Amino acid sequence: MKEFIDIVDLDGVPTGVSVSKSEIHKNGHLHNTAHVWLFNANGEILLQQRSSKKIICPLLWDVSVAGHVDAGETPEEAAKREAFEEIGIDLNSVELRKIGVFKCFQTYENGIQDNEFHNTYIAKIKATISDLRPHPEEVEALKFVTIQTFKELLNASGNNNHFIPSNRSYYLKVLEAIIAELKIN
């Protein structure tokens, strides 16, 4: 079944035109994604290793949960859907805190033009790794890392298969939001 995605304008607002996921990436249309960064009360951040079957960045360790916002779907609906589909966790609107929308325009060697607006959320969870159910088509592995380890992985991201090095400022904003949230609670 083809996945259809809304083409959006420079403000991330749907234009009323939806196309297949393959056309989005082939033609570099602007589109929305939902990113959910999960962390626990111990200040550990959940990282996902992308499946080896992924066309973009296979086996890269990155955001806890991420995916495209389907045609007609809100970013929050996509965030909750992706969390359940990718790792089997149910999140509700109260748990999700939107920290911003981040532009990420990348072109990959395989010809994919990925011009995304990352609608980014954070959420504190009580689940352990054994509580999660990673979808094998999406997720190779999961792990929690401390904030210090996250910083170290980010600093070495050019050669350790963690994070996209060009997105450093994005990761730092996510980390800043998680640290602030931990201080609040």
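Glu 86 and the fold around it

Modeller: Glu 86 touches Gln 48, Ser 64, Val 65, Ala 66, Arg 133, Pro 134, His 135, Glu 138 and Val 139, leaving aside residues up to four places away in sequence. Bear in mind that this is a predicted model.

Colleague: Which helix does Glu 86 lie in?

Modeller: Glu 86 is part of helix H2, which covers residues 75–87.

Colleague: What is the nearest side chain of opposite charge to Glu 86, and how far away is it?

Modeller: That is Lys 54, at 5.5 Å. A salt bridge needs a separation within 4 Å, and Glu 86 has none, although it is buried.

Colleague: Which side chain makes a polar contact with the side chain of Glu 86?

Modeller: The side chain of Gln 48 does, at 2.8 Å. Gln 48 is also among the residues that Glu 86 touches.

Colleague: Switching to the whole chain, how many helices and strands are there?

Modeller: Four helices and nine strands. Starting at the N terminus, the order is β-β-α-β-β-β-β-α-β-β-β-α-α. The radius of gyration is 16 Å, close to the 16 Å from the globule rule for 185 residues, so the protein is as compact as a globular protein of that length.

Colleague: What does the C-alpha trace span along its principal axes?

Modeller: About 45 × 35 × 30 Å.

Colleague: And how much of the protein is buried?

Modeller: Buried residues account for 49% of the 185. The accessible surface is about 9,300 Å², with 52% of it belonging to carbon and sulfur atoms.

Colleague: What share of contacts between residues at least 6 apart in sequence join residues at least 24 apart?

Modeller: 61% of them.

Notes
Residues are numbered from 1 along each chain as its sequence is written. This is a predicted model: local features need pLDDT of at least 70, side-chain atom pairs count only at pLDDT 80 or more; totals for chains, interfaces and linings use all residues. Side-chain values use heavy atoms; hydrogens and water are left out. Helices (H or I, at least four residues) and strands (E, at least two) are DSSP runs, numbered from the N terminus. Buried means under 20% relative accessible area, exposed over 50%, partly exposed in between (1.4 Å probe, protein chains only). Lys and Arg count as positive and Asp and Glu as negative; His and the chain ends are not counted. A polar contact is a pair of N or O atoms within 3.5 Å; within protein, one must be able to donate a hydrogen and the other to accept it, and residues adjacent in sequence count only if both atoms are side-chain atoms. Contact means heavy atoms within 4.5 Å. The radius of gyration is taken over C-alpha atoms; the globule rule is 2.2 Å times the number of residues to the power 0.38. Accessible areas come from the Shrake-Rupley method with a 1.4 Å probe; for residues, only the protein chains shown count as cover.
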